[in-house]
Every structure is written in structure tokens, then in C-alpha cells.
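Welcome, and thanks for taking a look. Below is a short tour through a pair of chains, from the overall build to the place where they touch.

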Amino acid sequence: MRWTWIDRFTRFESGKSATAVKNLSLAEDHFADHFPGFPVMPAPLILEGLAQTGGILVGEANKFEKNVVLAKITAKCVRDALAGEQLTYTATLLDLNDTGARVAATAHSGPDLVVEAEIMFAHVTPAQLPPGVPDAKFVFTGELTHLLRAAEAAK
Amino acid sequence: MSSDDIFAKVRTTLVDALSVDDDQVTPTARLKADLGAESIDFLDIVFRLEKQFGVPIPREELFPEAIFQGDASFVANGVVTAKGLEALEKQMPFANLTEFKKNPRLDKVEDLFTVDLICSYLAMKVAAKG
């Protein structure tokens, strides 16, 4: 399953902020059910996109050497986003230390605020992994590596 | 900074971090049992306090969760031993352990983490900062 909820990074300032865009296409499966005849982007998927934008910002700040895991999210949804819109996700780093990071994030459609959120990430060390997780680095792999290259290009 | 100022800032921090009401944040309120904090919230609280007070707060200093991990002599049959209490006192000189010592059950350790405890810790940090 593909689980990339950002289309492309458009700006990336290491250790400070990142901006990505997400085009909402009616071809995306979730619009068929959410809702029939009224295609609203599910808010959790917007939050996932914001978390991916912020998570990569946090990961890059440590050269992707640490596993960055979403720990807590506080969000306010201002309005619906419909198929056909382009959302701009902006994440700004508020705090970063050994144990984790905090990010302020917004989703805009044009000038309109759609979602604003504060997202906290925890750094998970190999010692904190549950038994049976073999790979010490499990976050910045697979699909995310493509996004990372896009982030590099946007620098 | 007066103790009232410290309390006001701590209250603002907890209201923001835990989405609780102002009047829930009383000096005796326990972070987990009364304010609904989960373990991940402690990390959030530390981040916010550092910003509010402008002092670095090593997470293990304010919330030393690891104190009872790895040394079985600190706890026996669910009760904190004398050695464990000594370690707790050493690690948390800002905590009032008088009540806890009367019945030092391990499952009651989390009740030590009250709004008052955070205020005492910050008073110590702010004084050290000068």
C-alpha cells in the first residue's frame, strides 16, 4: 500500500521549516466513500501529510540517523478541503532535542487556512524498539526515500 | 520570579499541553490521575516549560521514570525499598516525599507528580539560573 500523503516538497530549510504540496485528485480511492457526491478530503489524511512534512523536517535535522515517530498531535480543522484543491503544508520546527521534537504545522488552500496543528515527535532508539523489530532504522526507508530526494531537490 | 508567577506559567503550560481547564490546574492536582496526562505528555510538558522559563530541563531530571528500571533492589513486592527511597530523594530533591514514605507503593509513585512538584522544581531551576 502506498502511504505517501505529500506530492512534492517545494521548499526546505534545514532545521527550520519545510513546505510541501498535496493535490487532491478525485481519483483517490477515499473520495468514493468520503462522501458519495461530496468528495471531502478526510482530515486524518491531511494530518498524515502534515506529519510527513514535519517528520521529514525533524529527521533531516539529524541527518536521518534517528527514527522519528509521531507521538502527539493537536489540531484544529477550519474548513473542508474538496477534490480538485491543492493544499500547501507548512511545518516549522519549534523545539528539537535528543528525546524528540515539536513542530507547528498548517494546511492552506490558496490563502485559506484549512487545518492548523501542533505535532510532537519522539526519537525512538534501537533499545526502545519492541522485541521482534529487526531493523534498527525503520522510519526513513522505502517510499519515504523518494520524498527525501524531493526534499533535497527543494533545498 | 515569585512563586505566584511560577504557578501561573506552569498552569498556562499544562492547560496548553493537556487541554484541561484553568481551574483544574490546582497545586495538588496529579498530572496522571487528575489531569489525564499520558507518558508522552511529559515530553510535551518539558518542551513547553523549557520555552516558558528559558531553562534547559533534562527530561530525566524532572520526570525520572528510569529510576526504578534496572535495579531490583529499589523495589520489593511492589514496595519501594529504603535504598529506593534514598535514590528517589537524591534524584528528586525538590519532591516532598513525607506522605509517600508512609506507604511507599510503587504504583503510587506517579501520584508524586503534581502541579506543586513542577513548581518546586522550577523554583529550584530558576534560582540556580540567578
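How many helices and how many strands does chain A have? Chain A has 3 helices and 6 strands. Please keep in mind throughout that this is a predicted model.

## Chain A as a whole

If you walk along the sequence of chain A, the elements come in the pattern β-β-α-α-β-β-β-β-α. The C-alpha trace of chain A spans about 50 × 35 × 30 Å along its principal axes.

Chain A has a radius of gyration of 16 Å, which agrees with a compact globule, because a globule with 155 residues would come out near 15 Å.

## The sheet of chain A

The strands of chain A make an open sheet of 6 strands, in the order β1-β2-β4-β5-β6-β3 and with antiparallel pairing. At the edges stand β1 (8-13) and β3 (67-77) of chain A; each has a single partner strand, so one side of each is left without a neighbour in the sheet. On average, and ignoring direction, neighbouring strands of this sheet are turned by 20° against each other. As background, strands of a sheet pair through backbone hydrogen bonds, either parallel or antiparallel.

## Strand by strand

The antiparallel strands β1(A) and β2(A) are joined by 5 bridges, and R8(A) stands opposite V21(A) in β2(A). These two strands form a hairpin with 3 residues between the strands, where G15(A) takes a positive phi near 75°. On to the next pair: β2(A) runs antiparallel to β4(A), with 7 bridges joining them. Here S17(A) is found opposite T92(A) in β4(A).

Next, 9 bridges link β4(A) with β5(A), again running antiparallel, and A91(A) sits opposite A105(A) in β5(A). β4(A) and β5(A) also form a hairpin, with 3 residues between them. Strand β5 (residues 100-109) of chain A is joined in turn to strand β6 (residues 112-124) of chain A by 10 bridges, and these strands run antiparallel.

Which strands of chain A does helix α2 lie across? Helix α2 (residues 43-61) of chain A lies across β2 (17-23), β3, β4 (86-96), β5 and β6 of chain A, and runs at about 45° to β4(A).

With its 19 residues, α2(A) reaches 27 Å from its first C-alpha to its last, close to the 27 Å expected at 1.5 Å a residue. Just after α2(A) comes K63(A), which takes a positive phi of about 55°.

How many residues does each chain bring to the contact? Chain B brings 5 residues and chain A brings 8 residues. On the side of chain B that touches chain A, helix α2 (residues 39-53) of chain B gives the most, with 4 residues. By class, that side of chain B has 3 nonpolar, no polar and 2 charged residues.

Note on methods:
Residues numbered from 1 in each chain as written. Chains lettered and ligands numbered in written order. Predicted model: local features only at pLDDT ≥ 70, side-chain atom pairs only at ≥ 80, totals over all residues. Contact = placed C-beta atoms within 7 Å. Nonpolar A, V, L, I, M, F, W, Y, C, P; charged D, E, K, R; others polar. Pairing = 2+ DSSP bridges. Axes fitted to C-alpha atoms, helices over the stretch in contact; angles between N-to-C directions. Expected span 1.5 Å × (residues − 1). Rg over C-alpha atoms; globule rule 2.2 N^0.38 Å.
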